[in-house]
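Subject: Structure handover

Dear colleague,

Please find the structure below. My notes on it follow, grouped by topic.

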Amino acid sequence: MTEAGNVDAKSLTREEAEERGALLDVDRYDIAVDLRGLFEGEVLESVSRIAFRCTTPGASTFVDCAAEVRSATLNGRELDLSTVAEGRIPLPDLAADNVLLVHAAQSDTGSGAGILRTVDPSDKLVYVWTSFEPDDARRAWACFDQPDLKAPHAFTVSAPESWTVTSNGAPDSVEDLGDGGRVWRFPDTPRLSTYVVVVNAGPFHEIREQRGGHSLGLYCRQSLKQYLERDAADLLDTTERGLAFFGERFGQPFPQERYDQVFVPGMGGAMENWGCVTWTDSVLFRSAPTHGQKALVASVLLHEMAHMWFGDLVTMQWWDDLWLNEAFASWAATWASVNATQYTDGWATFLAASKLTGYQVDMGPASHPIRGDVPNVAQAMANFDAITYVKGESVLKQLVAYVGEEAFVEGLRAYFRDHAWGNTRLHDLMSAVGTAAGRDLSSWTTQWFDRAGTDTLAMRGREILATGPGGQDARPHHLEIGVYQRNGEALERAGTAYVETTGPRTVVDGLPEADLYLLNDSDLTFAAVRPDERSLRVLLESAGQLPDPLSRAVAVSTAWDMLVKGELSTDELLTCVLDVLASERSAGVVEPFLAMALRAADQWSAPVAVPTALARLAAVAAELAEDPEHRAPALRTLAASATSEDHFALLEKAATEDHDLAWRVLARRAALGTYDAAEVEALLERDPDPEAAVRALCVTAARPDESAKAEAWEAIFEKRSVPVGPPMVGVAQCFWRPVQGELMLPWTYRYLDWVSDVQTRGGMMTVGGTLRAMFPTTGDQEFLARARQIATDEGVDPTVRATLLTGTDTLARVLRARG
Ligand SMILES: [Zn+2]
């Protein structure tokens, strides 16, 4: 018997997918899943029955199955299992109509490669989830695992008696099996791609309400139910609003009554399974969430929901149009946040919190066109990045500005109507939008989707000078210039110029005299902008006086871009953002600005300057903490920057009621060399969070101590006891302390040792999450050189390559800024 987890599954190529897609039509999947072996053991069993047609009888192909194959029959004929290799079962001599039956078993259920079985540390209860994008369905059962072979799926799931099973729809029936188990029968799904079906199970806590014609379900593990109960009203409200908003705007209501959201442990993000979204349960925050955290949850909720249309209803033909899914879902989430929820500053939050990561990747060597070249699925995994999501979202925002929202929405309605339950390419969408707008978008499409890199727009007198990446021509830009006059302490908007740039120089007519021309006001386009000299001075000194949070975010992110490119010192950037924060009261940007200031002070400052920079930030945070509306995020920032006993006294008083803050304070003290094991033990006792041990690990990781670093390292890389996603990011932030200088260097090399033989196949959300979270935020030139060397090695995993290239580019910029 082969260890099913060791199946060395081959990555499907675009050519193979095209061939197989032309040869086959899948009529349906009937999949029996047996989860009973996971109650105490590791094995998931499945019997997959696939009915499919072949356009060329007599031809052969293969079905994907990256598990142990126990038996396989095609049209009643036993298949020769000795031919099974690399996660594929050859299917010779196909008939016009075929029935394939494959019995498989998967024992790799502990690594998160498509399936994760977890044991809750507090009550030992077992939970199981599946998540298959891009091609991990084949790890659970045999299927044609490519996005354009869609078919209805019908699941029959046998599970232990105490478990609840969730799948893409409501179960038709739940019956006792007689041996202590139960069998859950689910109806046919609509025609779905293999990567958006799902089976989750465990003794879940369930909340269900009928809202707006839908049955909305929320699930989590028992140990987190108090947090789900706390947040349920908000989650259900946003879900109801989102379904109503998208249904109306897209011209197609979500067609199924049931819409479930399942919060699961050990997941790196969230996944848009049809009618049954799975989420990392880290978003059930263990202390009352801040405005920024609630806005983020609403945004993720709406992103996954938008996928019901972009991705599930209409799916990209192949992974090179992944952005059709991801950029659209991201754009639609912000659009819906602004128009249908209380998070009306969504575009300002997007700019200040996310968009900068898009610029960051786009200026580095791992950038790629939004529509990428994706020769195989392994490359597709590397493209789940800030180009696909963030730059893609920004470019769609630019497209909406270019054609107008009304035409854009009309185009979307036509697109969904014409392609429902089918697959599409970029052209299908752009022609629908172009038709609605009465414009030919072909040249615009090539310019924006087929070229990597960011344009620079610079204001010189009354002209905008536009340059493309690497000296190429710039793209066309539709943008606003905000015209601001000083009036006492305030900057008042005296007007707005709307400009469409063409070619390298665009004259802006009729621009009145002003103190500040804010280039790309309203943030309509994706470009690095450089104001004229006078405007820049006003921007750096007085950004906080701009009347609108989005304008302030434009100003601050312009300054950030200049820091990253070596045109501004860390001190100048910090002065600008701290000045804004001194008067900032818009909840949509306070937290991103605090985070930016902390990053600048802690990482972008020379080590000798870090204490002073942090003290400046701490003073601003302490002041902001007096405003009840911003108290929580301000205290968290203070906990990351405090040095004075006054600040610690303030924090410790606030932390008596707030475990999250208490952990942060202990980690900060530990980073400064004061580790108190008894305090950590006492807090572990008090904190009901089942993952409190990870918080304690943050405290350990922060210590400037070799053996403490080793303990954290072992937990992450050897024991794998730190869940990916926010918990691991938290540990990583405590672990990598640039001010701990020499102590950190050997660990940067150990990261590279680990990276050089890592494979992300099957485990995008686990290994990929570790790769990114643990990339060092400090290092030396030799580290950079070695990392770049590994990135260029032949055969290196594409996700590893991209992470190393972007990481080293950013770190090189940081090291330059540190001086
Ligand atoms: Zn998505």
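Beyond its neighbours within four places in sequence, Phe 246 makes contact (heavy atoms within 4.5 Å) with Gly 251, Leu 302, Met 305, Ala 306, Trp 309, Ala 332, Trp 335 and Ala 336. The model is a predicted one, in which local features need pLDDT of at least 70 and side-chain atom pairs count only at pLDDT 80 or more, while totals for chains, interfaces and linings use all residues. Numbering starts from 1 along each chain as its sequence is written, and side-chain values use heavy atoms, with hydrogens and water left out.

Phe 246 and Trp 141 have the most contacts inside the largest nonpolar core, which has 265 residues. Such a core is a set of buried Ala, Val, Leu, Ile, Met, Phe, Trp, Tyr and Cys residues joined through side-chain atoms within 4.5 Å. Helix H5, residues 322-340, is the element that gives the most to this core, with 12 residues. Helices (H or I, at least four residues) and strands (E, at least two) are DSSP runs numbered from the N terminus. There is also a second, separate core of 17 residues; among them are Val 483, Val 508, Ala 527 and Val 529.

Because His 303 lies in helix H4 (residues 291-306) and Glu 326 in H5, the pair ties together parts that are 23 residues apart in sequence. His 303 and Glu 326 are both buried, where buried means under 20% relative accessible area, exposed over 50% and partly exposed in between (1.4 Å probe, protein chains only).

Leu 324 is placed in H5. This residue is buried, with a relative accessible area of 3%. Leaving out residues up to four places away in sequence, Leu 324 touches Phe 310, Met 316, Tyr 415, Thr 424, Arg 425, Leu 426 and Leu 429. Between Leu 324 and Tyr 389 there are 65 residues of sequence separation and 9.7 Å in space, C-alpha to C-alpha.

H5 also packs on helix H8 (residues 386-403): their axes come within 8 Å and cross at roughly 65°. Axes are lines fitted to C-alpha atoms, for helices over the stretch in contact, and angles run from 0 to 180 degrees between N-to-C directions. H5 and H8 are therefore roughly perpendicular to each other. Under 35 degrees counts as roughly parallel, over 145 as roughly antiparallel, 65 to 115 as roughly perpendicular and the rest as oblique. On the H5 side, the residues that meet H8 include Glu 326, Phe 328 and Trp 331; on the H8 side they include Tyr 389, Glu 393 and Leu 396.

Of the 11 residues of helix H17 (residues 631-641), eight are buried, so H17 is largely enclosed by the rest of the structure. Those eight are Pro 633, Ala 634, Leu 635, Arg 636, Thr 637, Leu 638, Ala 639 and Ser 641. They pack against H4, helix H15 (587-602), helix H16 (610-624), helix H18 (645-655) and helix H19 (659-671).

Helix H21 (residues 692-702) packs with helix H22 (residues 706-718) at an angle of about 140°, the axes being 7 Å apart. The two are therefore oblique to each other. At this contact, Leu 697, Thr 700, Ala 701 and Ala 702 in H21 meet Ala 708, Lys 709, Glu 711, Ala 712 and Ala 715 in H22.

**Backbone points to check**

- The peptide bond from Glu 133 to Pro 134 is cis, with omega near 0°; Pro 134 lies in the loop between strand S9 (126-130) and helix H2 (137-140).
- Asp 93, a residue other than glycine, has a positive phi near 50°. Its place is in the loop between strand S6 (88-91) and strand S7 (97-106).
- Ser 522 is not a glycine either, yet its phi is positive at about 70°. Ser 522 sits in the loop between strand S27 (516-521) and strand S28 (528-530) and is buried, with a relative accessible area of 18%.
- Asp 509, in the loop between strand S26 (505-507) and S27, is exposed, with a relative accessible area of 67%.

Regards
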